[in-house]
Amino acid sequence: MQDHDTRIVRENGLEARIAAMVEPAIVDLGFRLVRIKLSGLNGLTLQIMAERPDGTMSVDDCEAVSRAVTPVLDVEDPIDREYNLEISSPGIDRPLVRAIDFERWKGHLAKLELAVPLDGRKRFRGEIRAIDGDALVLRLEDLPDDGEPDIRLPLSDIAEARLVMTDALVEASRKAEKAARRRAAANGAGSADEA
């Protein structure tokens, strides 16, 4: 059975080595690593995407992660040339990297690619229906010839997955952010009352 909080979508090569270096510092702060990505943006950019367990990430949180990972990157020096460091939140059309991400965004549209083809197909797009054991149940947008709309995709075979921007997703994200701010304010008030 899949641990719902373990990343199922992982990096390869240098990105994987960097993830192994910085993830402990990110976890120590109470955040979760979402993704490491190297891109040719502005020369070379190392993007570290992270979030709180509730899926939120503020500008202050990004600064805290940057302060924690910069010394690790300076000591380990995994990149052999100059690069820009970018710390970011997953955003609304976020990558889905854990089983819990699929559960949290059940009912929303996602697109994904498998590492190995399933019945000759690697790319899928549809509504997230459920996590059932070690499989994602996806209701396909494009109905197959047999007419069965739901397909089971092994979580371990997912190479990349992300939410598709829709009005419903924007509204759900707004509500989740608002609820997270209320929880943070209530926790802050509780701490102040105890002091």
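**Sheet and helices**

Visitor: In strand S3, which residue is the bridge partner of Met49?
Guide: This is a predicted model, in which local features need pLDDT of at least 70, side-chain atom pairs count only at pLDDT 80 or more, and totals for chains, interfaces and linings use all residues. Residues are numbered from 1 along each chain as its sequence is written, and side-chain values use heavy atoms, with hydrogens and water left out. Strands (E, at least two residues) and helices (H or I, at least four) are DSSP runs numbered from the N terminus. In S3, Met49 has as its bridge partner Ser88.

Visitor: In what sense do S2 and S3 pair, and over how many bridges?
Guide: Two strands pair if DSSP finds at least two bridges between them. For S2 and S3 the sense is parallel, and the number of bridges is 5.

Visitor: Which strands stand at the edges of the sheet?
Guide: The open sheet has 3 strands in the order S1-S2-S3, with mixed pairing. Each edge strand has a single partner strand, so one side of each is left without a neighbour in the sheet; these are S1 and S3 (84-88).

Visitor: How far apart are the end C-alpha atoms of helix H1?
Guide: The expected span of a helix is 1.5 Å times one less than its number of residues. The 16 residues of H1 (residues 13-28) should therefore span 22 Å, which agrees with the distance between its end C-alpha atoms, 24 Å.
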